[in-house]
Amino acid sequence: MVDKVGRNLLWVFLSVFLTLVCHMILGFTTINPWIPMIGIGLTYSLLACGLWPMVALEVPEHQLGTAYGIMQSVQNLGLAVVSIAAGAIVDYKGYVFLEIFFIYFVILSVICIILLFVLNTSKGGLLNMTVKERKAREDELRSAELLENERLLASGSMADVTPHDMLQPKSDFYIRNRFLCRIGAKLPPHYDITTCALMHRTGLK
């Protein structure tokens, strides 16, 4: 559903808010606990559907593995620490204080999502776009990139670069030396004239 509708941030906010409601029901009402527990399970599923795909919207493709690895590590660390803390709270204070503990952190999550809403809106709103809006934006960026590449190829300033090279991630070293070549800067004698040869020599390609 999230993949068809988009609005990832909205779904994340909704799931966290409903999680807060479920914890309040568990802690302060006499409603059958099966109901809020099922609700927490559903809201976590909704949270995962909305949260994890947002990484791919902001992180470059060649860094996605690292980004997801960091996220998974932080999540596992949180699960380990919170489980230990929850056990200690139940032993010394009881289940009501445990729910207060959970409610406190869920409220912090709601605040963080609101701040993310504000930050995302100030930067174009990519994380909360619909699928159609996101596709239109991607098409626009792709068209602009193709036009720029065609302009550079036509001008001859990228005569030594193949289409395959343009698809590869560019390092700071590559960009710096590409710029020096364009402005006609004198490179050290051990540098080749062409950037491609320089990249082969340094192992960047």
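This is a predicted model: local features need pLDDT of at least 70, side-chain atom pairs count only at pLDDT 80 or more; totals for chains, interfaces and linings use all residues.
**Ground rules.** I number residues from 1 along each chain as its sequence is written. I take local features only at pLDDT of at least 70 and side-chain atom pairs only at pLDDT 80 or more, with totals for chains, interfaces and linings using all residues, and side-chain values rest on heavy atoms, with hydrogens and water left out.

**Overall layout.** I looked up the secondary structure and found nine helices and zero strands, where helices (H or I, at least four residues) and strands (E, at least two) are DSSP runs numbered from the N terminus. The pattern along the sequence is accordingly written α-α-α-α-α-α-α-α-α. Of the 205 residues in the protein, 27% are buried, a term I keep for under 20% relative accessible area, with exposed meaning over 50% and partly exposed in between (1.4 Å probe, protein chains only). I then looked at contacts, meaning heavy atoms within 4.5 Å, and noted that 56% of those between residues at least 6 apart in sequence join residues at least 24 apart.

**Helix α3.** I checked the length of α3 (34-58) against its expected span, which is 1.5 Å times one less than the number of residues. The 25 residues of α3 should span 36 Å, and the end C-alpha atoms are 37 Å apart, which agrees. I listed its buried residues as P36, G39, I40, T43, L46, G50, W52, M54 and V55, and the buried residues of α3 pack against α1 (2-5), α2 and α4.

**Helix α4.** For α4 I noted 29 residues and a reach of 42 Å from the first C-alpha to the last, close to the 42 Å expected at 1.5 Å a residue. Its buried residues are L64, A67, A86 and I89, and their cover includes α3 and α5. I also looked up V90, which is found in α4 and counts as partly exposed because its relative accessibility is 23%; not counting residues up to four places away in sequence, V90 touches Y95 and L98. Just after α4, G94 takes a positive phi of about 105°.

**Helix α5.** The 28 residues of α5 reach 41 Å from first C-alpha to last, close to the 40 Å expected at 1.5 Å a residue. Buried in α5 are L98, E99, F101, I103, V106, V110, I113 and N120, and what covers the buried residues of this helix includes α2 and α4. G124 follows α5, and its phi is positive, near 110°.

From V110 I traced contacts to F13 and V16, leaving aside neighbours within four places in sequence.

**H23.** I looked up this residue in helix α2 and recorded H23 as buried, because its relative accessibility is 10%. H23 touches I40, E99, F102, I103 and V106, not counting residues up to four places away in sequence.

**Largest pocket.** The space in the largest pocket comes to about 1200 Å³. Among its 29 lining residues, Y44, L47, Q75, F105 and S109 are the closest to its centre, and the elements that give two or more residues to the lining are α2 (8-28), α3 (34-58), α4 (64-92) and α5 (95-122). For reference, a pocket here is an open set of points on a 1 Å grid over the protein atoms alone where a 1.4 Å probe fits, with protein on both sides within 12 Å along at least five of seven lines, and lining residues have an atom within 4 Å of a point. Grid points are joined across faces, edges and corners, and the volume is the space filled by probe spheres set on the points. The largest share of the lining, nine residues, comes from α5. By class I noted 22 nonpolar, seven polar and no charged residues, with Ala, Val, Leu, Ile, Met, Phe, Trp, Tyr, Cys and Pro taken as nonpolar, Asp, Glu, Lys and Arg as charged, and the others, Gly among them, as polar.

**R7.** Last, I looked up R7, placed in the loop between α1 and α2, which has a positive phi of about 55° although it is not a glycine. R7 is partly exposed, with a relative accessible area of 30%.
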